[in-house]
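Biologist: I have a structure on my screen and want to learn how to read it. Can we go feature by feature?

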Amino acid sequence: LCNNPRYPPGPSGYPLVGNIFKFSPVGPWTKLTEYKKKSSVQTDILFFHGLGNSILVLNSMEAITDLLDKEGGISSDRPVFTVVGELMGLGQSMALLPYGQDWRRHRKLAHTALGPNAVKRYHTIQEDLAVLLCKSMLEKPLDFFGHVRLISSRIVLAITYGLSVDQADNEYITDAEATMDMVGRSTRPGAFLCDLIPAMKYLPSWMPFQQEAKKGREMIESLVTKPYNYALQHMASGEHPSLVQELWDSTSERSLGFQHDLKWMTGSLYGAAGDSNYATILTFMMAMAMYPEKQRLAQAEIDRVVGSERMPSVSDRASLPYVNALIKETMRWHPALPLGIARSTSKDTTYRGFLIPKGTVVLPNICNADEFVPEQDTAPVDPGLWAFGFGRRICPGKHLAENSVFIIISSLLATLDISLPPNGVVNPEFDKDHLVSYPHDFKCTINARSSTTENLVQTRAQESKV
Ligand code: HEM
């Protein structure tokens with residue numbers, strides 16, 4: 001490990017370039033978690049530096065709380081991503097805005113729409129969409145990846161823009177998928193050499209990364225503008241209530257600045273919501289195929305509390321402790337964002353006597369995958385809390401997301417059995433190339449639990465208003 005006494009410890013480096021290239025942008029959490037297990041050195045903080053960049057990895061809950069919660073005043077900034085942020089324009093979104101006035105305005109708008117009370121208005125939409133998901137799973141079980149993609153986008157499109165889509169190949173969904181695939185690859189620290197050496201942004205436009213940046217800019221602009229314009233155009237009819245409309249109606253001061261904030265704030269929700277929900281639900285399905293005894297326990301609880309006459313509702317959440325433990329365990333077993341979204345320090349600071357220079361990229365490593373054990377929900381630190389980030393930049397969609405994840409998972413548990421595929425094998429492998437890490441393509445068997453649950457799904461689906 002690197003032993004420059006001023007900086008926190010880190011892997012040994014090379015002259016001139018330091019150890020920065022020891023930080024791999026591809027699925028780094030596995031390697032970083034291995035460092036955590038080495039006991040000889042103080043490895044719950046790891047430092048990488050070189051070429052004017054520094055990265056600090058926080059490998060324990062203690063270090064995360066100390067730096068991201070208690071020192072929120074200096075660790076709530078985001079790094080400047082030269083390619084995706086500056087060249088592609090994503091720097092205008094809430095998730096990448098620097099910690100300052102613009103970001104505060106976006107957070108305030110988001111809080112109005114997504115606070116713990118505000119999200120109660122969406123229970124019915126979430127319940128309706130969850131039952132449609134169960135119906136699709138019964139009709140075409142092999143397409144379960146597509147069904148999960150569809151519901152993840154549907155919830156946020158319906159709520160944010162009043163937009164109703166019912167096919168996974170709808171262009172709003174496929175465009176968003178392509179854009180978020182590109183964004184997800186580009187927002188990992190060190191994804192482009194140009195992020196490490198920002199002066200490269202002045203290189204000529206024929207350079208491959210410049211071409212990629214130009215295309216990315218168009219994709220991002222379209223992602224935030226198209227559904228926003230849809231919501232504006234349909235406001236007058238009053239038939240498609242949306243967050244855009246609600247926030248638009250909440251003021252008479254609709255300056256260009258306000259409109260810009262509203263478009264980019266809602267665009268950030270749209271961009272951030274889909275992939276994380278998708279990853280969480282697929283991870284849950286993988287875990288259920290692999291750990292059937294845990295699935296049985298959760299189903300027994302639902303049978304006891306909800307019965308078989310009706311579908312679960314969001315308001316059942318507090319009465320289903322085992323289902324909640326299973327959801328938390330899903331998020332601990334493989335969090336959707338294993339390294340959160342990178343932070344950056346806004347001034348020099350010290351931690352445990354080490355210097356952490358201004359502009360250091362800070363990454364909380366919350367990955368500690370092992371066995372799937374929902375029963376450890378009694379652990380002192382609630383694993384469900386890690387998954388949504390920390391401190392001042394904690395996920396603003398947390399309340400909405402928790403309800404979505406709960407209603408989807410409890411509806412699936414109530415009505416379906418998820419089991420191993422015919423070859424009896426599921427390898428728990430996850431994507432390592434994107435900010436959001438979802439299960440690699442896997443197979444599982446999906447059956448109705450009984451003819452009663454099958455009828456329940458069909459009947460309830462007909463009542464759905466979405
Ligand atoms: C299971 C679902 C979700 C998970 C696991 C998740 C997780 C996260 C995490 C880890 C962060 C980084 C926080 C930090 O820097 O400490 C984040 C930020 C964010 N999330 Fe979520 N999220 C989920 C769903 C949603 C939903 C449904 C929305 C919107 C409706 C949303 C909107 C955002 C936004 C806009 C940010 C950036 C906040 C900022 O930079 O101030 N997320 N989320």
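Biologist: How do the residues of the shell around the ligand divide into nonpolar, polar and charged?

Modeller: Start with a caution: this is a predicted model. Sort the shell by residue class. Here it holds 17 nonpolar, four polar and four charged residues. In total, 25 residues surround the ligand. The closest are Arg-78, Trp-103, Arg-107, Arg-343 and Cys-395.

Biologist: Which protein atom is the donor of the iron atom of the ligand?

Modeller: Look for N, O and S atoms within 2.8 Å of the metal. One protein atom qualifies here: SG of Cys-395, 2.3 Å from the iron and its only protein donor. Cys-395 sits in the loop between α15 (383-386) and α16.

Biologist: And the oxygen atoms of the ligand? What lies 2.7 Å from one of them?

Modeller: The 2.7 Å case is an N or O atom in the side chain of Arg-343. Phe-390 uses a backbone N or O atom, 3.0 Å from a ligand oxygen. Met-94 also uses a backbone N or O atom, at 3.5 Å from a ligand oxygen.

Biologist: Now salt bridges. How many does the count come to?

Modeller: The count is 22. For each one, ask what it joins. Asp-44 and Arg-352 pair through their side chains at 2.7 Å, N to O. Asp-44 is in the loop between α1 (29-37) and β1 (45-50), and Arg-352 in the loop between β4 (349-351) and β5 (354-356), so the bridge ties parts 308 residues apart in sequence.

Biologist: Is Asp-44 buried or exposed?

Modeller: Under 20% relative accessible area is the cut-off for buried. Asp-44 has 16%, so it is buried. Arg-352, at 31%, is partly exposed.

Biologist: What about a bridge inside a helix? How far apart are Arg-185 and Asp-181?

Modeller: Count residues along the helix. These two are four residues apart in helix α8 (residues 171-186), about one helical turn. Arg-185 is partly exposed at 31%. Asp-181 is partly exposed at 29%.

Biologist: And a bridge from a strand to a helix?

Modeller: Take Asp-417 and Arg-296, whose side chains meet in a salt bridge at 3.1 Å, N to O. Asp-417 is in strand β7 (residues 416-419) and Arg-296 in helix α13 (residues 292-305), so parts 121 residues apart in sequence are tied together. Asp-417 is partly exposed at 23%. Arg-296 is partly exposed at 40%. Bridges can also share partners: Asp-44, Glu-62 and Arg-352 form one such network.

Biologist: Last feature. How many aromatic pairs does a search of the whole structure find?

Modeller: The search finds 11. Read centre distance, then plane angle. The rings of Tyr-161 and Tyr-270 are 5.8 Å apart at their centres with planes at 85 degrees, so this pair is edge-to-face. Tyr-161 lies in helix α7 (residues 144-161) and Tyr-270 in helix α12, so the pair links parts 109 residues apart in sequence. Both tyrosines, Tyr-161 and Tyr-270, are buried.

Biologist: Which residues form an aromatic cluster?

Modeller: Phe-144, Phe-145, Tyr-278, Tyr-438 and Phe-442 form one cluster.

Note on methods. Residues are numbered from 1 along each chain as its sequence is written. This is a predicted model: local features need pLDDT of at least 70, side-chain atom pairs count only at pLDDT 80 or more; totals for chains, interfaces and linings use all residues. Side-chain values use heavy atoms; hydrogens and water are left out. A residue is near a molecule or strand if one of its heavy atoms lies within 4 Å of it. A polar contact is a pair of N or O atoms within 3.5 Å; within protein, one must be able to donate a hydrogen and the other to accept it, and residues adjacent in sequence count only if both atoms are side-chain atoms. Ala, Val, Leu, Ile, Met, Phe, Trp, Tyr, Cys and Pro count as nonpolar, Asp, Glu, Lys and Arg as charged, and the others, Gly among them, as polar. A salt bridge is a side-chain nitrogen of Lys or Arg within 4 Å of a carboxyl oxygen of Asp or Glu. Buried means under 20% relative accessible area, exposed over 50%, partly exposed in between (1.4 Å probe, protein chains only). Donors are N, O and S atoms within 2.8 Å of the metal (3.2 Å for Na, K and Ca); water is not among the atoms, so sites may look incomplete. Rings of Phe, Tyr and Trp (its six-membered ring) pair if their centres lie within 6.5 Å; planes under 30 degrees apart count as stacked, over 60 as edge-to-face and the rest as tilted.
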